[in-house]
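Thanks for coming. I have one model to go through this morning, and I will start with a single residue before moving on to the rest.

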Amino acid sequence: MRHRRSRGASNTMVSMPDIDRMMSGELGQFLEEQRGARAEAVGRAWDRGWKAAMVLGPLLIAGLILIPFDFFPKLWAAGFICTFAFGWATGPIREAKKTVKIGINEGIADALGLSYSHDGEEGREFELANQFKLLPSHTRSSLEDFWSGDLEGHDFLLHEAHLEKKTGSGKNRRWVTVFRGAIIRIASGKQFHGTTLVQRAGKHKSWLGFGGRKDSVKFDGYRLDAVDMVHPEFEDTFEVWSDDQVEARYLVDPLYVERLIAMEAAFDGKDVCSLFVEGDIIVAVRGGNMFEGGTMNPASDRFMVEKCAQQFASMGKLAKQVNRQLGFND
């Protein structure tokens, strides 16, 4: 997996970068250059659209009227052809958006001293998120937007995941998105004594989901017991499971939960959950298609840069809180 290497410092204290400086520097220059490219892409898309309409329109109408088949199969075929034509016509716009998106993300990575790559492969964080059910069961997965580097003194990796599952039967079988969001791994620098899982309340219920919270849950040989937290208000929002009750109460304190919820808000997400295992903290947050800074409207560029930077600032606060709990210096 290849990453774009930033020119920033190796020890990153993640906070909001100077957006004015970024927009007046290389990133702003790049986005200004993309104004013409985006306008050209829109023009090419319209040109393709008109060509497709002029060629396919009469053919589809004639086919619906003259081809001796049932109407609904013909309508289905016409819809498939139109979908393909729409994809071809809008291709230049998708490419322009991707170019702007990658440019914005690389600019933010440079400003924060991080590395960014649009493409990458599944790693330890994805395996652990699946093993401990931070992610729903799925049939296929696609990953993109890989960020890595040093976060508050510890290695981290973040990427977006799009998980799908095939549902239905016969002609009604189709792919359905079951998760789209971010998966994050932060190396703690110390080994945890146990394994601790933090999930939304009601995730693991007894009696086929109709009873109360289970006393314990199992994940591929790991048995985690329910933890009765010192702060009972947690249980309205989160439930904690661990094989080390004392450590779990130490790790999952009110400020940690506050940081988790703040990260969820920064990603416009929901269902945030986390895992402390061996020397890593894994966080998964469902939040739609993230890091999509590429738009066809240059006026929104600054807003998209700020939004992405805020997401990293929230992660920095979470890492700093964990560092304090583990005895690292600020």
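Lysine 133 counts as partly exposed, because its relative accessibility is 44%; the term covers values between buried, under 20% relative accessible area, and exposed, over 50%, with a 1.4 Å probe and protein chains only. Its phi is near 60°, which is a positive value in a residue other than glycine. Lysine 133 sits in the loop between helix 5 (124–131) and strand 2 (140–151). Helices here are DSSP runs of H or I with at least four residues, strands are runs of E with at least two, and both are numbered from the N terminus.

Before going further, the ground rules. This is a predicted model, where local features need pLDDT of at least 70 and side-chain atom pairs count only at pLDDT 80 or more, while totals for chains, interfaces and linings use all residues. Residues are numbered from 1 along each chain as its sequence is written, and side-chain values use heavy atoms, with hydrogens and water left out.

Glutamate 278 also has a positive phi, near 50°, and is not a glycine. Its place is the loop between strand 9 (270–277) and strand 10 (280–286). With a relative accessibility of 37%, glutamate 278 counts as partly exposed.

Now the whole chain. The protein has eight helices and 10 strands, and 45% of its 330 residues count as buried. Taking contacts (heavy atoms within 4.5 Å) with a separation of 6 or more, 68% are between residues 24 or more positions apart.

What does the largest nonpolar core contain? It has 42 residues, and those with the most contacts inside it are Ile108, Trp147, Phe156, Val252, Phe276 and Val283. Apart from it lies another core, of 24 residues, including Leu128, Phe132, Trp241 and Leu275. A nonpolar core is a set of buried Ala, Val, Leu, Ile, Met, Phe, Trp, Tyr and Cys residues joined through side-chain atoms within 4.5 Å.

Last, a helix pair. Helix 2 (residues 26–66) packs against helix 3 (residues 71–89) at about 170°, with the axes 10 Å apart; axes are lines fitted to C-alpha atoms over the stretch in contact, and angles run from 0 to 180 degrees between N-to-C directions. The two helices are therefore roughly antiparallel, a term for angles over 145 degrees.

Key
Parallel < 35°, antiparallel > 145°, perpendicular 65-115°, else oblique.
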